[in-house]
Amino acid sequence: MPFGEVVCGSPGSGKSTYCHGKHQLFTALNRPISIVNLDPANESIPYPCAIDISSLIKLQDVMEEHGLGPNGGLLYCMEYLEANVDWLEEQLDALGKDAYVLFDLPGQVELSTNHDSVKNIIGRLSKGGFRLAAVHLCDAHYVTDAPKYISVLLLSLRTMLHLELPHINVLSKIDLISQYGDLDFNLDFYTEVQDLSYLENALSASAPRYAALNMTMISLIEDYSLVNFETLAIEDKNSMLNLTRAIDRATGYVFVPAADSKMPEGTIDTSSTSGSTRPNAFGLFTSAIGERHGSSNDVRDVQERWIDAKEEWDAYEKVQWRKEGETLRDEAARAGNIRERKPPDVVGD
Ligand SMILES: Nc1nc2c(ncn2[C@@H]2O[C@H](COP(=O)(O)OP(=O)(O)OP(=O)(O)O)[C@@H](O)[C@H]2O)c(=O)[nH]1
Ligand SMILES: [Mg+2]
């Protein structure tokens, strides 16, 4: 059965870059991946695109034909896609049953907070057997300012309630967070959405007239108790792997066995099943949904890597990369030498 991620978030939050990074990571891991560009305004697509909404409808044509601006034109394109969802389904079918698909959405947040087209398209795909999760990217600099943090919490909550999918909120560009000054609290306060009443002073200082409104919004967020965040630095492999683990648990991909994995003997008949329809007996009976392991898993490690000791870690990684490069160069040189010294083949006797 096909799996996928609906990648949403505000303009510039890093959606297309994430899709590109994930394509590179999955290709290296030998995992299937295809990307669907659903942003008709996306002119320079950074990743190899399996399906592109522009081959169905072009934003420029819509704007000219209907006299619409870019935002109205984009909503028209999404409604047109909804009306022609068969087109999308046909293209997705062609990717095969074991496809893993990323849907790169446009940055207009109304698409994932109150407009119905994306929600209806997702509903149709889910009914067709797609196992989807929403990956909602939010620029990490929002946590450096209390009012912005509250607004990003409200946006995340609204997106979760609207899309009705397994949902992962992500603070993207966490590698840049130290540039925006010191945080009032440790990073886990923000990622785990701990006691928000601690923000009262900061909120009242910036807008004393709205103190009561601020506190009402805080209690609304706390009453739902739904929002928390993962973190992402796109260039950092550990960060990408950690996020991938979280998403795999949300979609249920943890239960899909690797293509070449063997079943524990006698557990299940695998002769008639294949790929993602084959249950991951090993995962089911052991640790697939257990505790998440690996570095970057603990937000305190993320805090150390990108905030408390960023310079030391940057310097350490630079040394490691240099060593890795030298090792590869040495290995290549040695392989070249061996080839040069290899005696010519003896032909006949
Ligand atoms: N430092 C850093 N920069 C990032 C990261 N992710 C994305 N960026 C940068 O953020 C900028 C915006 O990224 P995009 O991927 O175009 O964002 P988007 O969400 O697709 O934007 P729209 O499609 O316009 O909504 C680019 O310059 C990226 O290089 C990250 O993890 N770290
Ligand atoms: Mg984009």
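Hi everyone, let me start at the ligand: sorted by class, the shell around ligand 1 holds five nonpolar, eight polar and four charged residues. Here Ala, Val, Leu, Ile, Met, Phe, Trp, Tyr, Cys and Pro count as nonpolar, Asp, Glu, Lys and Arg as charged, and the others, Gly among them, as polar.

A quick word on the ground rules. This is a predicted model, where local features need pLDDT of at least 70, side-chain atom pairs count only at pLDDT 80 or more, and totals for chains, interfaces and linings use all residues. Residues are numbered from 1 along each chain as its sequence is written, while chains are lettered from A and ligands numbered from 1 in the order in which they are written.

Back to the ligand. Ligand 1 is surrounded by 17 residues, and G14, S16, T17, G107 and I234 are the closest; a residue is near a molecule if its C-beta atom, placed from the backbone, lies within 6 Å of it. Helix α1, residues 15-29, gives the largest share of that shell, with three residues. When I say helix or strand, I mean DSSP runs numbered from the N terminus: H or I with at least four residues for helices, E with at least two for strands.

Now the sheet. Seven strands make an open sheet with parallel pairing, in the order β3-β2-β4-β1-β5-β6-β7. Its edge strands, β3 (51-52) and β7 (229-231), each pair on one side only. Pairing requires at least two DSSP bridges between two strands.

Let's zoom in on β1. Strand β1 (residues 3-9) pairs with strand β5 (residues 131-139) in the parallel sense over seven bridges. Within that pairing, V6 stands opposite A134, and C8 has H136 as its bridge partner. With β4, β1 forms five bridges, also in the parallel sense, and E5 sits opposite L102 there.

F3 counts as buried because it has 20 C-beta neighbours inside 10 Å. Beyond its neighbours within four places in sequence, F3 is in contact with Y100, R131, T251 and Y253; contact means C-beta atoms, placed from the backbone, within 7 Å.

Last stop, the helix pair. The axes of helix α2 (residues 59-66) and α3 come within 9 Å and cross at roughly 110°. These axes are lines fitted to C-alpha atoms, for helices over the stretch in contact, and angles run from 0 to 180 degrees between N-to-C directions. The two helices are therefore roughly perpendicular to each other, a label for angles of 65 to 115 degrees, with under 35 roughly parallel, over 145 roughly antiparallel and the rest oblique. L59, V62, M63 and H66 of α2 meet P70, G73, L74, Y76 and C77 of α3. Those contact residues divide into seven nonpolar, two polar and no charged.

Also in α3 (residues 70-83) is G72, which is partly exposed because 13 other C-beta atoms lie within 10 Å. Thanks, everyone!

Notes:
A residue is buried if 20 or more other C-beta atoms lie within 10 Å of its own, exposed if 12 or fewer, and partly exposed in between; C-beta atoms are placed from the backbone. Two residues are in contact if their C-beta atoms, placed from the backbone, lie within 7 Å.
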